[in-house]
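Okay, everyone, thanks for coming. Let me put the sequence and the model up, and then I'll walk you through it.

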Amino acid sequence: MAKRDYYEILGVDSSADSVILKTAYRKQAMQYHPDRNPGDSEAEASFKEINEAYEILKDPQKRSAYDQFGHAAFENGGASNGGGFGGMGGGFSDIFEDLFGDFMGGQQGGGRTRSPRGSDLRYNLEITLEDAFNGKKMELKIPTTAECESCEGSGAEPGSEPIACPTCQGQGKVRAQQGFFTIERTCPACQGQGRVIEKPCKSCRGEGRVRKENTLSVSIPAGVDDGNRIRLSGEGEAGMRGGPSGDLYIFLTVKEHRIFQRDGQDIHCRVPIPLSVAALGGDIEVPTLDGARAKVAITAGTQSGRKFRLRSKGMPIMNSHSHGDMYIHTIVETPVNLSKRQKELLKEFEAEGKGAHSPESEGFFSRVKDFLADLKE
């Protein structure tokens, strides 16, 4: 019986690229895999046919020969000459890795795996707005795990050494026969490390690490914001039995300030000013985050909510020499608990103020007048 076309077997067009070929192969191979179809001779034959087709088409040189000469290119000692499974020679191991490599953690080739890496740690740190403005060096005490000093991280009692795993002979992997081919798996006895401990260290009980509190010096850079994080490489938990340490991530929270409000790199401050200063104008002093004071010139007729800008008095911008700005929001304060004389003066002011211009109230009542006129129409 004539052989079926390889492209037809995989269900792809002859112009299919390597990605489409691999996807089609995986789909077909999983469908007809003997483990999924025990005792089904037709499924086994299809599985062999699929593997043969993919072995040829995934190789650019073999595929080119097949496209030119068809199956004849591999007959009578052709390009794919050789023994092995279904005429595929040593290429079957590559197919096995294509199909199952992702499910085995991407570990290919012989040899044991490394000891597992330690876990990353998270530390939540609350700082003041002044700390965020100036930057700060701090010492933190972090509960973590560190390498056991007694066994120097090996997990074995001092004077002894881990031995090669008798289950996998130190390879970290074991082989199991399934159907007509062999599958490699991580050794369950040593978890892929290739070594086992006969005499565990009494201090760490064979883990190679112990619990401890680590004191670290941390530099908070000027300009950090709420939600920023700092990564300290290798300062997380120690790995088991000499494995590499994880990392430490410090997540920053900036406390709310009693006077200032932050918006990105800008600082805002609500400042009450006397009625007389708002009306007549004058100078006021306001605090800044660097601990100094800045003078702000209030123009005559200032209303509540007006903003005055102080350039470069805001937060430092990280990795630069620039700063944001500071904005002063005025609140015109109405005096209370007036004396008799003060009340008399205000009444005189009211009597004399009929010609004075009050832009906010005049604008508001003008809009009210227009609104009422529209309702009558």
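**Overall picture**

Let's start with the contacts, meaning heavy atoms within 4.5 Å: among those in the protein chain between residues at least 6 apart in sequence, 63% join residues at least 24 apart. Before I go on, a word on ground rules: this is a predicted model, where local features need pLDDT of at least 70 and side-chain atom pairs count only at pLDDT 80 or more, while totals for chains, interfaces and linings use all residues. Residues are numbered from 1 along each chain as its sequence is written, and side-chain values use heavy atoms, with hydrogens and water left out.

The protein chain has 9 helices and 15 strands. Those are DSSP runs numbered from the N terminus, with helices being H or I of at least four residues and strands E of at least two. Of its 377 residues, 34% count as buried. Buried here is under 20% relative accessible area, exposed is over 50%, and partly exposed is in between, with a 1.4 Å probe and protein chains only. The accessible surface comes to about 23700 Å², and 48% of that belongs to carbon and sulfur atoms. Those areas come from the Shrake-Rupley method with a 1.4 Å probe, and for residues, only the protein chains shown count as cover.

**Inside**

So which residues touch the most other members of the largest nonpolar core? Ile220, Ile250 and Ile328 do, out of 37 residues in that core. By nonpolar core I mean a set of buried Ala, Val, Leu, Ile, Met, Phe, Trp, Tyr and Cys residues joined through side-chain atoms within 4.5 Å. Leaving out residues up to four places away in sequence, Ile250 touches Tyr123, Leu125, Leu140, Val218, Asn228, Arg229, Ile230 and Leu232. Apart from that core lies another, of 22 residues, including Tyr6, Ile50, Tyr54 and Leu57.

**Rings**

Now the aromatics. There are 3 aromatic pairs in the structure. Rings of Phe, Tyr and Trp (its six-membered ring) pair if their centres lie within 6.5 Å; planes under 30 degrees apart are stacked, over 60 edge-to-face, and the rest tilted. Tyr7 and Tyr66 make a tilted one, at 6.1 Å centre to centre with 50° between the planes. Tyr7 is in helix α1 (residues 6–10) and Tyr66 in helix α4 (residues 60–69), so this pair ties together parts 59 residues apart in sequence. Both Tyr7 and Tyr66 are buried. Ring pairs also bring Tyr6 into a cluster with Tyr7 and Tyr66.

Two charges sit over rings, too. For that, NZ of Lys or CZ of Arg has to be within 6 Å of the ring centre and within 35 degrees of the ring normal. Arg122 has its charged end over the ring of Phe251, 3.8 Å from the centre, and Lys307 does likewise over Tyr327, at 5.2 Å.

**Cysteines and loops**

How many disulfides does a search of the whole structure find? It finds 0, with a disulfide being a pair of cysteine sulfur atoms within 2.5 Å. For Cys165, the nearest cysteine sulfur is that of Cys168, 3.7 Å away. Cys165 is buried at 1% relative accessible area, and Cys168 is buried at 4%.

Last stop, the backbone. Ser312, in the loop between β14 (307–310) and β15 (326–333), has a positive phi near 60° despite not being glycine. Ser312 is partly exposed, at 48%. Asn337 has a positive phi as well, near 55°, and lies in the loop between β15 and α8 (340–352). Asn337 counts as exposed, at 75% relative accessibility.
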